[in-house]
Every structure is written in structure tokens, then in C-alpha cells.
Amino acid sequence: MVEPFCNEPFTDFSQSGNREAFAAALKKVQAQLGQEYGLLIGGEKLMTARKAVSVNPADPKQVIGTVSQADTALADRAIRAAARAFTFWKSVPPAGRARLLYKIAANLRRRKAEFSAWMVVEAGKSWAEADADTAEAIDFLEFYGRETERLAQRQPLTRIPGEDNELTYIPLGVGVIIPPWNFPLAIMAGLTSAAVAAGNTVVLKPASATPVVAAKFMELLQLAGMPDGVVNFLPGSGQEVGDYLVEHPLTRFISFTGSREVGLRINELAAKTAPGQRWIKRVVAEMGGKDAIIVDSDSDLELAAEAITASAFGFAGQKCSACSRAIVHESVYDDVLRRVAERVSRLRVGDPSDPEIDVGPVIDAKAHLKILEYLEIGSTEGRVVCGGGAGDAKGYYIEPTVIADVDVKARIAQEEIFGPVVAFIKAASFDQALELANDSEYGLTGAVISRNRAHLEKARTEFHVGNLYFNRKCTGALVGVHPFGGFNMSGTDSKAGGRDYLLQFTQAKVVSERF
């Protein structure tokens, strides 16, 4: 009997034992830096002449690992290995697939601090952010295992005399998994385990910025006994290998999390029918956000300031759910702005291997340059209240930045920056605040801070986002609690971690027998 799902608890780092265990995990990881990692295709480990180096964003001189890169020939080989594995994996009973996921989850739970430590050095996550990432990965494994068992149960149908009718959910085939770097374990594990739990086989193309975390996850799968070819590991260029995988005639679906631009390109490529293709490819995509927190005139201003600060600057704002717009009623605007600025001024920026650090680096040099360009733009579109520049030159640091008096049509109010920057926008009324919040091509998360029940109920129906929060921050969705996915250009509203999610990796088959 499988226990009901419950979320993996976060580690309490106020406990000295937990702090010591994490510090020991960091030392263990530091001793493993600089190793080489290869591809895994059909159970065979391969090293290639082409390499990519993964570095620590807090100190780019430090090499995390060197990872072999695939070309299109190896991509084709991986797809075909997955296709061969599908012939047997699709017949493994759902309970058997679920047991494998539970075993992977158990192994990950035992090595929780170690995997979190890898994310501190490769992704620049703070201790708490990395721990939450690992906990979410465990949650996905546990939740999707239970979901595949639930979907295997007899489905309710209307009964008629003289016939027996049965609906079952069967897997699609070979999928391509393209995860992001900002949740290098949780989302990567979630996308992969959902597809595999449903009976599919996959080619996993890890994020270029965090391939070592993905390689370590692959080691975990092998340790648990994942059959050869069910999950194939294929690091490589998105433009070369990624496009090839998406366009391949044997690809049945693509599961993607990343930028709007890449997501739309994948959708466009997948819509074209390749010679020999026998199906319409499915695209499951989560593509970012420009999320807003509305602060009403009648609200807890301390709560509002805390929610904005936590949502905007957690993991240096590198979350698709991050608050990048604070839309505040004019009667409390100055007060909320002051409270946020005070909090931001106390944030500690630096190397996240230090447990006292609040904000680490952004992911790489390209992101660093892009965010600095937006800060330059923002200085002309509003009033910089705090931050506004680069941090310590040793790493890819950006000062947590608050820009006030921004027009809703300004670039920093419309374009996804993906960094520690929040734009303050003044609203004359709650109705106007809702209007401003919805004035975006995205629709992922949002929050409303208010004591006015009528306003909350109006936002419940009129604030057009996939995940809406009242009187709390707009980040931190929990598997099974807050099924996650957004509207408009935020993606296909896939609702990861929800009871509908696995349906996207299955097809429903009905068999009717007349007596």
C-alpha cells in the first residue's frame, strides 16, 4: 500500500546539525569538481571530441565539470535508442514504473544535501533555494508515481446494457525533454519522470548552463535500475541538437521549460510534419512570465513589502514566477516603496556557498550583460530607488534593484528581464490595478495583497494568470498543492504537479465489447 502523497519538508538550517551536514556536502562536492561527463545513449556511455565547460557563476574561474557534446548523428542515435526501448517500456505495468520512481526518490532523499550542494556551485543557488529545488524534485517523483497508478485504475464510464466498455491511458512514444537551468534538478526531474511514469521513453537534453546536475541525476537513475534506453542523456547545442530532436519524425512530443522565444520556435518546428511522421506532435511548454503583485489601499503593508521582496529577489529574480512588477494603490504607494527599499538594502549579495547570503549571482555572462542593459533602460524609464548596477566583479553579480514610477508600457514593465529587478507602478484604483496587471503578453503568476473581500473575489475571476495567490508571495508553488502553469505567452498551462499533468503524455483508448 502506497502512502498518500505529502510534500518533502524543507531543511531547517537554523539547526546546527543541518548546517554542518550541508557544509560537509559542499566539501564533498568541491572535491569532485572538474570531472568529465559523457553522453548516455541506450545504456552506452560516450565521450565526444566536442566539449563544453560548466563554471561556477559566483566565480567563473572555477570549473564545475567538462561535458561531452552531441551532434546530430548522435541525436538520431539517441532517438532511435529511445524508440527501441519504448517497445518494452510501454508494456511495463504502471505499478512497476511507479516503484522505480519511488526508488529514485528514496535515493535522492538520502543524498539531498549533496544534490543541493551541486546546485549551489553550478547554478548559484543559496542553501535554502537549492534545498527547496531538491525537495521539489523528490515531490515530482513521488507525485507522478502515484498519478500513474491512479490513472491505471478502471476509469468511470456510463454503462449500457449488452456492452462492456473500458477506457485506458496508454503512452505516446518517444519524447524530447528540454529543461531550464533555473530549476536544474526539480524541473528536469519533473519533466523526465512525468513522461517516463506514463510509459514513454525520452531523450533528455539538459540545460547548457547546468549539465553536471543533470549528469548526476542520470547516475541516480542508473543506480535505481532504470532500463537502458528509457532515458537517454544528450547534452548539446540547442540550435543544432535541440532543433534536430524537435524535428525528428520519431519524436512524438516535446516537453519544454524556458524562454518565450525558444518555446515559440519549438512550437513552430514541431507543427511541421516531417517525412515518415505518423502523428501530430504535442508540445508541453512553460515559457516565462512578467508577474505582478497588486497591493490594495486596504492591506497589510508589512506583508506586502515582504511578499514583493521575497518574490522579486529570491534566486536573484531568476524564476519565471518572480515578481517583476509591483502595482500599488496610490494611497499606499510611497509607504510600500519605502518598506521594500528598506528590506532590499539589507539583502546580502555574494557567493551562495556562504549560508548567510540572500542573493547570489545570475547564471552567466550573457544574462549578466542583458540585465545590465535593462538597468540602463530602466534608469531612463523610472527612478532607481536602490541598486541599479553590477555587484562584485568576481562573479556574475547584479545589485537587487527597485525602480519606481514606471509606466505600464515601459520596456522594464513589459519584457521579461529574469534578474533581480522590480518595477513599481502606481494605480489610482483597484480596478485600474487589475487592468495594469493584465496588460502583459504573459499570464503565469500573480498575487493580490488586500483585506477587501470584494476586491479579492473580483481578482479571482478577472486577474488572468494560471497561478494566483492572495495575501502571500507569488513564488513557491508546491507539487500537489499549487498545480503550476500559465496563460497567454507563459505557455500551454500544463499544470505541472497537478492531477491533469500526466494526461499530456498519454492518449486515451476505448475498447467496447458487445456481449
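# Close-up legends

**View 1. Cys-474 counts as buried, at 0% relative accessibility.** Buried means under 20% relative accessible area, exposed means over 50%, and partly exposed lies in between, with a 1.4 Å probe and protein chains only. You are looking at a predicted model, in which local features need pLDDT of at least 70, side-chain atom pairs count only at pLDDT 80 or more, and totals for chains, interfaces and linings use all residues. Residues are numbered from 1 along each chain as its sequence is written, and side-chain values use heavy atoms, with hydrogens and water left out. The cysteine sulfur nearest to that of Cys-474 belongs to Cys-323, 5.0 Å away, and Cys-474 is in no disulfide. Cys-323 is buried too, with a relative accessible area of 1%. Searching the whole structure gives 0 disulfides.

**View 2. Helix α4 covers residues 112-123.** Helices (H or I, at least four residues) and strands (E, at least two) are DSSP runs, numbered from the N terminus. The 12 residues of α4 reach 16 Å from the first C-alpha to the last, close to the 16 Å expected at 1.5 Å a residue; the expected span is 1.5 Å times one less than the number of residues. How many of the residues of α4 are buried? The count is 11 of the 12, so the helix is largely enclosed by the rest of the structure. Among the buried ones are Phe-115, Trp-118, Met-119, Val-120 and Val-121. Just after α4 comes Gly-124, which takes a positive phi of about 75°.

View 3. By the cut-off used here, a salt bridge is a side-chain nitrogen of Lys or Arg within 4 Å of a carboxyl oxygen of Asp or Glu. Side chains of opposite charge can pair when their charged atoms come close.

**View 4. Thr-210 sits in the loop between β8 (201-204) and α7 (211-224).** Is Thr-210 buried or exposed? It is buried, with a relative accessible area of 2%. Leaving aside neighbours within four places in sequence, Thr-210 is in contact (heavy atoms within 4.5 Å) with Glu-122, Ala-123, Pro-180, Trp-181 and Pro-184.

**View 5. Asp-164 and Arg-154 form a salt bridge, with closest N and O atoms 3.1 Å apart.** Asp-164 is in strand β6 (residues 163-171) and Arg-154 in the loop between α5 and β6, so the pair ties together parts that are 10 residues apart in sequence. With 27% relative accessibility, Asp-164 counts as partly exposed. Asn-165 also lies in strand β6 and, at 10% relative accessibility, counts as buried. Which residue does the side chain of Asn-165 meet in a polar contact of 2.5 Å? The partner is Ser-512, through its own side chain. A polar contact is a pair of N or O atoms within 3.5 Å; within protein, one must be able to donate a hydrogen and the other to accept it, and residues adjacent in sequence count only if both atoms are side-chain atoms. Beyond its neighbours within four places in sequence, Asn-165 has contacts that include Arg-154, Leu-157 and Val-511.

**View 6. Asp-405 and Arg-383 are joined by a salt bridge, the closest N and O atoms being 3.1 Å apart.** This pair links distant parts of the chain, 22 residues apart: Asp-405 is in the loop between β15 (401-404) and α13 (411-414), and Arg-383 is in strand β14 (residues 383-386). Asp-405 is partly exposed, with a relative accessible area of 40%, and Arg-383 counts as partly exposed at 41%.

**View 7. Two residues other than glycine, Phe-418 and Asn-488, have positive phi.** For Phe-418 the phi is about 60°, and the residue is in the loop between α13 and β16 (421-427). For Asn-488 the phi is near 55°. Asn-488 lies in strand β20 (residues 487-488) and counts as partly exposed at 43% relative accessibility.

Definitions and conventions
A disulfide is a pair of cysteine sulfur atoms within 2.5 Å.
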